[in-house]
Amino acid sequence: MSHNSLSPSVAIIGGGPAGLMAAEVLSHAGVKVDLYDAMPSVGRKFLMAGKGGLNISHAEVFDKFLSRYAERPGALEPILTNFPPEALRAWVKGLGFDTFVGSSGRVFPTEMKAAPLLRAWLQRLRRAGVRFHVRHQWLGWDDNACLRFATPTGEQHINSDAVVLALGGGSWARLGSTGAWVDLLRQRGIETAPLKPANCGFDVGWSEHFSSRFAGQPLKGIILTSKYKARFIQKGDLVVTATGVEGGVIYTASALLRDSCAATGSAIIHLDLLPDKDLVAVLAKLSQPRGKHSMANHLRKRLGITGVKAGLLRELLSADDFNHPEKLANTIKALPIKLLAPRPIDEAISTAGGVTFEVMNEHLMLRELVGVFCAGEMLDWEAPTGGYLLTACFASGKAAGEGVLTWLGKDRNENAKKY
């Protein structure tokens, strides 16, 4: 890889938030930037993430925010300190969009959607001189250390002074993050932690009767408890799927549940279906005389349990236990569900695993591939949904861009505009 200090050029591979942020840092420092993406347009997963409202960050205190990156707070602390959630909000404001904090502490642009934000950002990057090359699939390096790309007009070989890899994880392959880079790096002697599903659903193996009736139904305001290694307890929502469970509180616990499945072959969760009533109160209601009413009717009248909650009790209790007030009350307060396996990696919102921090220096440059930097979800970290994923992608993209400037020997303040 050549190192031309007169007019350095940097190739960025991957057009998600991490790659685009690296492009912003570099282009505003006067570096020539070419960004390559395999898809017909950039930011596809970012746009998909913003479909239901773009949760860009979280407003909780920084120490708590950092703790959400359970396995990697030490490695991510300098990166997130350099670009914390409030800096991300200021950056969004700089693009012309206000943000607000939702009731759960999640941060959203007032527009709620990703498309206007991405459009404004790409316009600003183009004005700064960033050149975009879509339908360019990275194939690794040739014998002269040039980057190889498959393009609609045939294979191209590109030389650059530095490279930022921001290729995403392995989920939602149809949007561009295929994980194919794992083999390309391995060929160069860069070991990676295996990619695993994160923020994912799990299979349970419902009966056909239950699945056909209740797939897609939400369970709101339940408390989920799990006891693998450490005790996890959190109130939230989840959704029953045709094969199992997914959504909110399942995603938050997914790293723990996935690791339990890997180690023991399954994971047990307990759901409190009525968190606002204690066991004594539930049992007292169920023990009242029910006359000619069925237990299902008794449940509905005394405790308001109907629909998917009643269906779950039917699914997981024998007929005898369902009609036994004490056993039914205990199950309402701690419904055991055995999770058999996480859903496939391509269905996951994000992935764990990837390029470990040990194979990079503090500027996110690969120790064995001088001049090659990594950023975003392809790094070995994970976090629950709630704005944590996007914030770390933006922050690591900024860190990689600044790392390139340091490596190129360019004063990042020289000619730099405020971004």
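Tyrosine 36 and phenylalanine 149 are both buried. The model under discussion is predicted.

Trainee: How are the rings of tyrosine 36 and phenylalanine 149 arranged: stacked, tilted or edge-to-face?

Mentor: A pair of aromatic rings is described by the distance of the centres and the angle of the planes. Here the centres lie 4.3 Å apart and the planes stand at 20°. Planes under 30 degrees apart meet the criterion, so the pair of tyrosine 36 and phenylalanine 149 is stacked.

Trainee: How many residues apart in sequence are the parts that this pair ties together?

Mentor: Tyrosine 36 belongs to strand β2 (residues 32–36). Phenylalanine 149 belongs to strand β8 (residues 147–151), so the parts tied together are apart in sequence by 113 residues.

Trainee: Which helices are tied together by the pair of tryptophan 91 and phenylalanine 394?

Mentor: This aromatic pair is tilted, with 5.2 Å from centre to centre and 55° between the planes. Its partners are 303 residues apart in sequence. Because tryptophan 91 lies in residues 85–94 and phenylalanine 394 in the other helix, the elements tied together are α5 and α16.

Trainee: Is tryptophan 91 buried or exposed?

Mentor: The cut-off for burial is a relative accessible area under 20%. Phenylalanine 394, its ring partner, has a relative accessible area of 0% and is therefore buried. Tryptophan 91 has a relative accessibility of 3%, so this residue also counts as buried.

Trainee: Which residue of β19 is the bridge partner of lysine 196?

Mentor: Strand β19 (residues 350–355) is mostly covered, with six of its six residues buried. Strand β11 (residues 192–198) runs antiparallel to β19, and five bridges join the two. Within β19, the bridge partner of lysine 196 is alanine 352.

Trainee: Which strands stand at the edges of the five-stranded open sheet?

Mentor: The order of this sheet is β6-β2-β1-β10-β20, with parallel pairing, and the twist averages 20° from one strand to the next. Each edge strand has a single partner strand, so one side of each is left without a neighbour in the sheet. The edge strands are β6 (131–133) and β20 (372–374).

Trainee: What angle does the direction of α5 make with that of β4?

Mentor: The three-stranded open sheet has the order β3-β5-β4 and antiparallel pairing. Its edge strands, β3 (57–58) and β4 (99–101), each pair on one side only. Helix α5 packs on this sheet and touches β3, β4 and β5; its direction makes with that of β4 an angle of about 145°.

Trainee: Is leucine 364 buried or exposed?

Mentor: Leucine 364 is found in the loop between β19 and β20. Its phi is positive, about 70°, although the residue is not a glycine. Because its relative accessible area is 2%, leucine 364 is buried.

Trainee: What is the relative accessible area of methionine 112?

Mentor: Methionine 112 is found in the loop between β5 and α6 (115–127). Its phi is near 75°, a positive value in a residue other than glycine. Methionine 112 is partly exposed because its relative accessible area is 26%.

Note on methods: Residues are numbered from 1 along each chain as its sequence is written. This is a predicted model: local features need pLDDT of at least 70, side-chain atom pairs count only at pLDDT 80 or more; totals for chains, interfaces and linings use all residues. Side-chain values use heavy atoms; hydrogens and water are left out. Buried means under 20% relative accessible area, exposed over 50%, partly exposed in between (1.4 Å probe, protein chains only). Helices (H or I, at least four residues) and strands (E, at least two) are DSSP runs, numbered from the N terminus. Two strands pair if DSSP finds at least two bridges between them. Rings of Phe, Tyr and Trp (its six-membered ring) pair if their centres lie within 6.5 Å; planes under 30 degrees apart count as stacked, over 60 as edge-to-face and the rest as tilted. Contact means heavy atoms within 4.5 Å. Axes are lines fitted to C-alpha atoms, for helices over the stretch in contact, and angles run from 0 to 180 degrees between N-to-C directions.
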